[in-house]
Structure formats: structure tokens, C-alpha cells
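Hi everyone, thanks for making time for this one. Have a look at it first.

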Amino acid sequence: MELRRVVVTGIGTINPLGNNVEEFFTNLENGVSGAGPITRFDASNFKTQFACEVKNFKPEDHFERKEIKKYDLFTQYALVAAEQAFADSGLNTEQMDLDRAGVIWASGIGGLITFHQESMAYAKTEGTPRYNPFFIPKMISDIAAGHISMKYGFRGPNYATVSACASSNHALIDSFDHIRYGKADIILTGGSEAAIIDAGIGGFCAMQALSTRNDDPKTASRPFDVGRDGFVMGEGAAALMLEEYEHAVARGAKIYCEVVGGGMSADAYHLTAPLPDGSGAARAMLNALNDAGIKPEDIDYINTHGTSTPVGDVAEISGIMKTFGEHAYNMNINSTKSMTGHLLGAAGAIEALACIMALTKGIIAPTINCQELDPKIDPKLNLTLGKAQKRDVKYALSNTFGFGGHNSSVVLKKY
């Protein structure tokens, strides 16, 4: 069958670097760190006392009071980002076939804040246990997709992808597939996460996954640096309106870029650690290139998973070298998690926006905080250290890898 082309016609975000796309792109280009002491709860007794929180967000600015009671924070973020992307797309629900419009949304954890709060309330209950009737509908990971579909009346494919930190790349790939295979014309996709709560910080601390650089949070996320000691928790959401090319052109839509390939693989190796040789990551990248019908040397820029963990960064670079060989030295490589922190299930969506910035503006965001390169990483690689670089980017590749060995890569093309 002849596959249909898929383009991005709307984008939106709320994240530690900005509450809209313009703020995000500006701070991304300028190398701003979103990290700081945790304000959401008292973290003084935790090994890690900082995170990349969303700033200046007030739910009452976006929702009615009765709605706020129904939405966990991860759903609130999802709805805010989705609203921006919908408005940006210029779509009009009265002029759409809503049966051909869907929502595929990602979250690695879902309503952790709600789960924690309800559990704490139950622990203090005497007598008959009492739970909020919205407990389950607020907590489940698919509910953000449901709320977005209800808001816009999208009656096409509607579900959530959950694959830890690979979740929103999987959502993006699934959305791409639904449109190019003719199952939908429009998919609002992306991811959201809000896990900066006692249970989230405590759980990742117990795994020794988080940085403990409490004396200097802004430099704690330091991908590729020899002194990196773990990732920095982030939160927020990013949304992308995917649309069939002819459908977009017919209505005169603004087109940001084209989605041309997606690749997936499994490490089948370890609960949390990647394959040390990066071969699982390499398979995902190669699958994405093959799906896009391009050669490794066509890629100009890679937004790495780059979490700032001792094992993960080296494994990913090894995977890149396996996939691209000598061409690896010709590409720009970066990790925007050095600024945003790790948005877990929303990471792929937020990093797709960073790729869109490179494709549309010719600006590749820097990798900040890498002061001394890990000797296991080839110093001849262009890791875009310290400051943004200008480049005409035709093809960008974005990697996300999740606990459980889930690997996913997406290829975006300049329009």
C-alpha cells in the first residue's frame, strides 16, 4: 500500500523552561537550567532535594474549580499543552471529521501525586476507609488522553502508551503509523508527567538514580560529564498535532516538519540498566532510519536520551557509534535534559520540540554543565557543549529509552 505523509501542524508545551513554546525555545537556546530546590513538598529529609519544576503555574488560570478536583497534575499539564497545540494548528472542530481525529497520549507513571495523597489520607483514617470518588479516574495513566478527546470531541483512536521514559516516543510513532496507514487524518499526541512528590523522589532516590548535588542544583544534570551522578527529575507536558499531509495542505495549515520514521527495540537485558554496548539503542536507531528510507549519513542532529547517569550516557554514545560509524563525527549531538531535567514519560515529546526548533530555526540547543568529558566518550564528537550552534538541519533523530529495556527513536524531516 502507498503510505501517506505525516506532518506536524501544531505544538504546545508547559515545562521547567517555559509555559509555552516561545519561552521554551528561548531558554533552550540560551542554555538555561530549570533546576532548583523542590518547592512542592518538604524534601529536606531526602537524599535529593531539588528538581526541575514547572514555574508559575496556577490551575485556576486554566480550569474551573470543579474541574481541578477531577484532574491530577499530569492531566492538567496535558490539557494545557494540548490546548496550545490545538490553537496553534488552526483546526476548527466544526470543519473536521471528528471520527478521523484521535488522541494518543503518553505518561510513564500517571497520577502519582493523586495516589500518594490518597494513600497518605487513608493511613490517617480511623474506622471506615474513605477514598475520593475521583481517586481512580485521576490516577490512571490513560485518563489524560481521555480528557483531551472529550474536550475536543475527537472520536478516532484514543489511548495511552506506557513504556517508562520511552512512552511519548512510542505515542508519536503510533500516531504516525495510524495516519500513514490511513486509520486517521489527525492525531493529537505527546506526553505529560508530574512525579515531583515524596513518593516519586523517594522511589528514584532508593534506586540511586537521582543526582544528589544539592549544593548546586543548576549544574546537577550534566550529561557526558565524568562527574555526573544521576538524573534530575523534571515535569510538564508537550503536545504535537500530527496531520496527514494532503489534509493539512488543503486547509492551508502551517507545517513545522514531517515525521518520516520510527524505530523500536528491546534490550531484553536488565530491569533498569541498558545494554552496556548500546546495541539495543543502535537497533532502535537503525530501525528508525530504515523506516524513514534514509541512510545514517543523512542525519544532521541527534537529541540523545542523555539522562546524566553513569551507565546510560556511555551506552547510548556506544549505540550511536555502532549506528553511524564515521558519520557520528559530522553530526551535532546534544542532551536537552541538561536543562529541562528528565520528564520521564514526557521526555520524548519535549525533545521532539527541541528537534523542531533545530529544523525550523536552524538552532541546536546546547548541552550544558559538561565541564570534564567522560574519558569513555570520544572527544572528537560534537556534543554541542556550552552554547547553542547554528546549522541547517534536514533530518533530526530523537532517542528515548525506558526502564524495562524499551528503546524508541523518531526521525523528523525539515519541511
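Which residues does Leu188 touch, not counting residues up to four places away in sequence? Before I answer, please keep in mind that this is a predicted model. Leu188 touches Ala82 and Ala85, then Gly102, Val103 and Ile104, then Ile148, Tyr152 and Phe154, and finally Ala239, Leu240 and Met241.

That brings us to the largest nonpolar core, which has 51 residues. Leu188 is among the members that touch the most other members, together with Phe57, Tyr77, Trp105, Ile148, Phe154 and Met233. Where do the residues of this core come from? The helices α3 (73-89), α4 (112-123), α6 (143-152) and α8 (198-206) each supply at least two, and so do the strands β4 (101-106), β6 (186-193) and β7 (236-244). The largest share is that of α3, with ten residues. There is also another core, apart from this one, with 45 residues, including Ile187, Ile368, Ala396 and Val410. As a reminder, nonpolar side chains in soluble globular proteins tend to be buried together.

Now for the pocket. The largest pocket has a volume of about 560 Å³. Its lining is made up of 34 residues, and the ones nearest the centre are Thr272, Pro274, Thr309, Gly312 and Phe403. Which element gives the largest share of that lining? That is α11, with six residues. If you want to find the place on screen, look for α10 (279-292), α11 (310-324) and β13 (395-402), each of which supplies at least two lining residues.

Last, the backbone. Most residues other than glycine have a negative phi. Here are two residues with positive values. For Ala268, phi is near 50°, and for Ser308, phi is near 80°. Ala268 is in the loop between β8 (257-266) and α10, while Ser308 is in the loop between β9 (301-303) and α11.

Buried or exposed: what is each of them? Ala268 counts as exposed because its relative accessibility is 75%, and the cut-off for exposed is over 50%. Ser308 has a relative accessible area of 0%, so Ser308 is buried.

That's my tour, and I'm happy to take questions.

Technical notes
Residues are numbered from 1 along each chain as its sequence is written. This is a predicted model: local features need pLDDT of at least 70, side-chain atom pairs count only at pLDDT 80 or more; totals for chains, interfaces and linings use all residues. Side-chain values use heavy atoms; hydrogens and water are left out. On a 1 Å grid over the protein atoms alone, a cavity is a set of points where a 1.4 Å probe fits but cannot get out, and a pocket is an open set with protein on both sides within 12 Å along at least five of seven lines; lining residues have an atom within 4 Å of a point. Grid points are joined across faces, edges and corners, and a volume is the space filled by probe spheres set on the points. Helices (H or I, at least four residues) and strands (E, at least two) are DSSP runs, numbered from the N terminus. A nonpolar core is a set of buried Ala, Val, Leu, Ile, Met, Phe, Trp, Tyr and Cys residues joined through side-chain atoms within 4.5 Å. Buried means under 20% relative accessible area, exposed over 50%, partly exposed in between (1.4 Å probe, protein chains only). Contact means heavy atoms within 4.5 Å.
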